[in-house]
Amino acid sequence: MDRQSDPNAHDAGNGAPNVPPAADSAAQHDITLQVGGMSCASCVGRVEKALAKLPGVNADVNLALNSVHIRYDSARHSVGDLAGAIRNAGYVVEDESMSFDIDGMTCANCALRVEKVLGKLPGVTEVSVNFAMERADLHTVAGQVDDAQVIAAVEKAGYHAVSRNKSDASVDAGGADAKNTGIDKSLLWLGAAIILTAPLVAQMIWMYLGVDLHLAPWVELALATPVQFIIGWRFYRGAWMALRNASANMDVLVALGTSAAYFLSLYNMLAAGESGQTHLYFEASAAIVTLILAGKIMEERAKRGASAAIRELMALRPRRARKFDAVNGEVEVDIAELSIGDIVRVLPGERIPVDGKVSAGESELDESLITGETRPVARVSGDHVVGGAVNGTGRLDIEVTAIGEDTTLSRIIRLVEQAQTGKAPVQKMVDKVSGIFVPAVIVIALITLGGWMVFGATFETSIVAAVSVLVIACPCALGLATPTALVAGTGAAAKNGILIRNFDALEQAHNVDTVVFDKTGTLTEGRPTVRDIKPVKDVDRSDLLRMAAAVQAASEHPLARAVVDAARDQGVKIPDITDFSSKTGAGVMAKVEGRKVVIGSEAMLVDLGIALPEDDFINQVSEYESRGQTVILVALNGKFSGFITLEDRIRASAKQAIADLKARGINSIMLSGDGEDVAAYVAAELGLEEGRGRIRPQDKAREVEKLRKAGRHVAMVGDGINDAPALAAADVGIAMGGGTDVAMETAGITLMRSDPALVAGAIDVSIATRRKIAQNLFWAFGYNVIGVPLAAFGILSPAIAGAAMALSSVSVVSNSLMLRGWKSRGDKS
C-alpha cells in the first residue's frame, strides 16, 4: 500500500497520526490584515487582546511588518468583525475601495440579498448596496478580493455586475449607455404588452358600461399567454433567483399573483368547455404585468433624474486637452498624458481640462456647475482655475497644477458619490422591515384565501382576493423612499455649491441652533491690505516696512502676505533673514541685517520685556482697532518702533448671511485671533450675537466643545488649517471652498463658493431632504397599510391592485425629484 494514501499512516517525524480534518474545518480561514498605528509591543498586545475576545479567533501580530495574521471561523465571524475589533482598539485597518453597478434589482430585498452575498466574500470588511443608485460599494482587505470574484458572486445571486474600478471615461460612458439600452428594450416590451392587453381591458370596460361584448375564451388565452410568459418572464426569472437563494422579493409576489390569476382562468375555461360561460381573469394577469412593467420604466427614468447631478458633473470632464510648448506648438493629447507643470491652451468656449494657474491671457469663466456661482468670474495671469469651467471670450494658457483624481472636479464627484451611496439611520430600520416584508405578505395572502373560504366564499372569490393582496404590496416604494431623496437632495445641494460628504452631516445640520464663524477668510475676504504704517520718532517709515516685510516673508499668514505685498508695491527691496521663529497666535521674530526684529501682539512684546510707548500712542492703536482694523506691533533691537494697521474687508454677503440665520432662530458667534476691539467691531457690523477676539487656534475647539456641553447643536464654519480641530469638534463642520484642503477634508460640508450665505442654504437643504424622506416613508408605509387590507377584504380587483403597486414606487421617486428644483435662498438666478 502507498504510505501517502493510507489515512491511518503515522508521520515518520513525530509519530503523530495523520488525522482527517474536523468536520467544520471548511469554516476555518486565514487572512493577513495590514494594521496602521502600532508603535510598540504594548500595541501588539492590545491588538491581540482585542481579537482574542472573539470566540475561535487566533491572531499573530507582526510589529515589524505592521500586520496581523488571523485564523478565524468564517461561520461565526466575518472579516468586517475582525477589522471592527482592531479599529475599536484604536488602530487602523488598511483597506481598498471597490464600486460596482448592479443590474437586475427590483426592490429593497434584492439590495439586501446582494449585500449579504458580498459580505460573505473573504476579505470584505464593509459593503453597502444602494437600490436607488443600483450600485454596490465595498471596502476590502488589500489584495484579497478582485473584480472577478465580486462579479461572480453577484451573478450567482441572480444579478449582473459591472466594475466601476476602471478609468472614469469607461465607467461614465458605459454605465449611461447600458442604462439607456435597458430602458429602450423595456419600452419595446411595454409596447407589445399594451397591444396585447388593450383588447382584454377594453372588454372589461365595455362590461362596466353595460355593453354585452365578450371575446372568445381562446382569444383571451392567446392574448394573455405571451404577456404572462414572454413579456412577464423577467418576473419568473427574478422570483426563481430569489427563491434559489432562500430569499423573496417583489418578483415573487408578482409571479405568484399573476400565475394564480392566469391558471385559475385557464382551469375555468377548460372546466366550462368550449361553449360554457365562466369567469376569466386573463385581463387581470395581463394588466398586472403591463402596469408593473410600465411602473418600473417610469421608476427607472425617475431614478435617473434623481441622480442627474452626478452625471452632469461627470460630463464636465473633458477627455482631450491642447498641450502647448515652444518646440512642438499645440498638440492634442489625452488628459491622462498630462503632467503637473505642462501648459495647456484653452480657446474661447472650451472647457478647462484640468486644475491649473493662468500663465498667459485673461478671460471670464462660467463655473456655475462647479461652484453654483451664476455670474462669470474674471481670471487673469496668476489666478487659479478649476477643470470643468467653461472659458469665455479670451484665450488662456494654463499651467497644470492637479491631474486625475486630485482635481477639484474629481474631488467634488467623489464627495457627492460618497454622500449618495451612504445609508441614513432610518434606512437601516427600513431594510429590516423589507427583509420580512415579502414573506409577511405571502402569509397575509394565505390567511386571506383561508378566511374567505371559511366564511363561505367560493374558491374563485377567495383566490382573487389573495391575488389582489399579493400584487398591491409595495416593497419597492419602501426601498426607494430614503435613497432617492438622499440622492436628489445631495445632487441639488451640489448644483448650488454645497457639497455634503456624508449623511451624518446632513442628519445633524437640520438640528443646528448655533453657528460659530471664523473671521478671516470666512466673514471677511481673507485678503487684508496695509492701511497705515506708524513709526515712532527717529524710525524711518520705509525702514520699518522693510524690516517687517523681511520677517513676514517667511510666514504664510494672510496678514504677513499683506505686509510683503505692500513693501513690493512700494518698491522696497526685501532683505534676507536668519534665526526665524514664530509663536502661534502671537507673532514672529528673526534677525535682519544684524538687527533683531519682533512682530506681533502686545502680549508677545510684554512677554519679551519690550517696553510699550506712552498712552497717547496706545490710544491710537485702540482707535484703529475700534474701526475694525488689525494692528501689528513692531520692535527693533528690543525697542518698540511702531505699528502697521491692516484691514480685511467684510464680505458683501456676510451681513445678509447672519440675518438669514437669525430669521431661522439660529445664533451666530464669531471667534477670531484678532484683538477684542476688531472682533467687537466686526460683530457689531454684522449683527452677530457675540464676537470674541484673542482666541488662539487650539481654543476654538475648546469653545465649540463648551457650547455643545451646554446643550447647543453647533456648526463651525472656517477655512484654514487652524480651523480644522474646531471643524472636527462641531456637530457639523462647514468649510469654505476657498480654504485649505485640510479644512475641506475635516468638514462634513464644503461650500464651493466663499460665500457665508450658503451656510443657511446647507441647513435648508438638510431640512428639505429630511422632510422628503419622511414624506416618502409615510406614503410607502401608507400604501401598504391601507392597500393590503382593502385588497384582503375584496374591495380592490387584481388589476387595480397592480396599478396601485406600480404607482406607489413612481409617486415616491417623483416626490424625491421635486428636490432637484431646490435652490439656496440667497441664489437670485
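Predicted model: local features only at pLDDT ≥ 70, side-chain atom pairs only at ≥ 80, totals over all residues.
Residues are numbered from 1 along each chain as its sequence is written, and side-chain values use heavy atoms, with hydrogens and water left out. Local features need pLDDT of at least 70 and side-chain atom pairs count only at pLDDT 80 or more, while totals for chains, interfaces and linings use all residues. Helices (H or I, at least four residues) and strands (E, at least two) are DSSP runs numbered from the N terminus.

**Aromatic pairs**

- A search of the whole structure finds eight aromatic pairs; rings of Phe, Tyr and Trp (its six-membered ring) pair if their centres lie within 6.5 Å, with planes under 30 degrees apart counted as stacked, over 60 as edge-to-face and the rest as tilted.
- Phe-229 and Phe-263 make a tilted pair, at 6.0 Å centre to centre and 55° between the planes.
- Phe-229 belongs to helix H6 (residues 217-231) and Phe-263 to helix H8 (residues 250-272), so this pair ties together parts 34 residues apart in sequence.
- Phe-229 is partly exposed at 28% relative accessibility, and Phe-263 is partly exposed at 43%; buried means under 20% relative accessible area, exposed over 50%, and partly exposed in between (1.4 Å probe, protein chains only).
- Tyr-624 and Phe-643 form an edge-to-face pair, with 5.8 Å centre to centre and 65° between the planes.
- That pair links distant parts of the chain, with Tyr-624 in helix H21 (residues 615-626) and Phe-643 in strand S25 (residues 639-647), 19 residues apart.
- Tyr-624 is buried at 8% relative accessibility, and Phe-643 is buried at 0% relative accessible area.
- Ring pairs join Phe-229, Trp-233, Tyr-236, Tyr-262, Phe-263 and Phe-282 into a cluster.

**Charges over rings**

- The charged end of Arg-345 sits over the ring of Phe-324, 3.9 Å from its centre; the criterion is NZ of Lys or CZ of Arg within 6 Å of the ring centre and within 35 degrees of the ring normal.
- Arg-234 lies over the face of Phe-235, at 5.7 Å from the ring centre.

**Helix H18**

- H18 (residues 541-552) has 12 residues and reaches 16 Å from its first C-alpha to its last, close to the expected 16 Å; the expected span is 1.5 Å times one less than the number of residues.
- Nine of the 12 residues of H18 are buried, so the helix is largely enclosed by the rest of the structure.
- Asp-540 caps the N-terminal end of H18, with a side-chain oxygen 3.1 Å from the backbone nitrogen of Ser-542.

**Helix H24**

- The buried residues of H24 (residues 697-709) include Pro-697, Asp-699, Lys-700 and Leu-707.
- The buried residues of H24 pack against strands S19 (514-518), S26 (667-671), S27 (690-692) and S28 (714-718) and helix H25 (724-729); contact means heavy atoms within 4.5 Å.

**Asn-784 in helix H27**

- Asn-784 lies in H27 (residues 757-792) and is buried at 10% relative accessibility.
- Not counting residues up to four places away in sequence, Asn-784 touches Phe-437, Ile-472, Ala-473, Cys-474, Leu-478 and Pro-789.

**Open sheet**

- Six strands form an open antiparallel sheet in the order S10-S9-S11-S17-S12-S15; two strands pair if DSSP finds at least two bridges between them.
- Strands S10 (329-334) and S15 (384-385) are the edges, each pairing on one side only.
- Strand S12 (residues 355-360) pairs with S15 in the antiparallel sense over two bridges, and the bridge partner of Gly-356 in S15 is Val-385.

Terms used:
Polar contact = N/O pair within 3.5 Å; in protein donor to acceptor, adjacent residues only side chain to side chain.
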